[in-house]
Amino acid sequence: TSLTVKSTAFKHNEYIPSKYTCDGLNINPELIIEDLPASTKSLALIVDDPDAPNGTFCHWLMWDIPPKNTIKEDSRPGTEGKNSMRENNYFGPCPPRGTHHYHFKVYALNTKLNLPVNTDQQELLNAMKGHIISSGDLIGLYKR
């Protein structure tokens, strides 16, 4: 099964308003999550940019989010891990050139992960293995 991930700020495959980027307030947009399985114990979130010049750049990762249908704008409902800036926060789109695709991936898990805050994207993906019951992806575009 798959989750539906939407945002009140932009539509799938459309441009992310600059408010949510390094050119604006650098805060996360609101995410709406539909079709959550009843057995969901927690949500995890990865926001990354596969178009980055040095390989996929992780902008935000979070886990142990309560299984609700909304992640509010400028909020931290779970435990934040280390993004590609080695920071525990949301780092908005900031492409050096061209249009980049930003993936807002939400995972419904059958457990809580209780990972340390120095966890990075690969470690989170490894920890989620065997626990993902559903997932969804919202793609936003940005160019400067």
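Predicted model: local features only at pLDDT ≥ 70, side-chain atom pairs only at ≥ 80, totals over all residues.
**Notebook: loops, strands and sheets**

I looked up Asn-13 first: its relative accessibility is 40%, so the residue counts as partly exposed. I use buried for under 20% relative accessible area, exposed for over 50%, and partly exposed for what lies in between, with a 1.4 Å probe and protein chains only. I number residues from 1 along each chain as its sequence is written, and side-chain values use heavy atoms, with hydrogens and water left out.

**Entry 1: two positive phi values**

I located Asn-13 in the loop between strand S1 (4–7) and strand S2 (14–15). Its phi is near 65°, a positive value in a residue other than glycine. I note for context that most residues other than glycine have a negative phi.

I then turned to Asp-74, which is not a glycine either and has a positive phi of about 55°. Asp-74 sits in the loop between strand S6 (70–71) and S7. Its relative accessible area is 43%, so I record Asp-74 as partly exposed.

**Entry 2: Arg-76**

I found Arg-76 in the loop between S6 and S7. With a relative accessible area of 36%, Arg-76 is partly exposed. Which residues does Arg-76 touch, not counting those up to four places away in sequence? I list Asn-28, Trp-60, Met-62 and Tyr-90, where contact means heavy atoms within 4.5 Å. Arg-76 and Asn-28 are 48 residues apart in sequence, and their C-alpha atoms are 9.2 Å apart in space.

**Entry 3: overall layout**

I recorded one helix and nine strands in the protein. Helices (H or I, at least four residues) and strands (E, at least two) are DSSP runs, numbered from the N terminus. Along the sequence, the pattern reads β-β-β-β-β-β-β-β-α-β.

For overall dimensions, I noted that the C-alpha atoms fill a box of roughly 40 × 30 × 25 Å along the principal axes.

Among contacts with a separation of 6 or more, 71% join residues 24 or more positions apart.

**Entry 4: the three-stranded sheet**

I traced an open sheet of three strands in the order S1-S3-S6, with antiparallel pairing. S1 and S6 stand at the edges with a single partner strand each, so one side of each is left without a neighbour in the sheet. Two strands count as paired if DSSP finds at least two bridges between them. S1 runs antiparallel to strand S3 (residues 31–34), and four bridges join them. Within this pair, I placed Lys-6 opposite Ile-32 in S3.

**Entry 5: the six-stranded sheet**

I traced a further open sheet, of six strands in the order S2-S9-S8-S4-S5-S7, with mixed pairing. Its edge strands are S2 and S7, each of which pairs on one side only.

S2 and strand S9 (residues 132–142) are parallel, with two bridges, and Glu-14 stands opposite Gly-140 in S9. Strand S8 (residues 100–109) pairs with S9 in the antiparallel sense over ten bridges. There I found Tyr-107 with Ser-135 in S9 as its bridge partner.

Strand S4 (residues 42–49) runs antiparallel to S5, and six bridges join the two. Leu-43 faces Ile-65 in S5 as its opposite residue. S5 pairs in turn with strand S7 (residues 79–80), again in the antiparallel sense, over two bridges. In that pair, Met-62 stands opposite Glu-80 in S7. Met-62 is also one of the residues that Arg-76 touches.

**Entry 6: surface and charge**

I recorded an accessible surface of about 6,900 Å², with 48% of it belonging to carbon and sulfur atoms. Accessible areas come from the Shrake-Rupley method with a 1.4 Å probe, and for residues only the protein chains shown count as cover.

I noted 15 positive and 16 negative side chains, with the centres of the two sets 1 Å apart. Lys and Arg count as positive and Asp and Glu as negative, while His and the chain ends are not counted. Each charge is placed at NZ of Lys, CZ of Arg, CG of Asp or CD of Glu.
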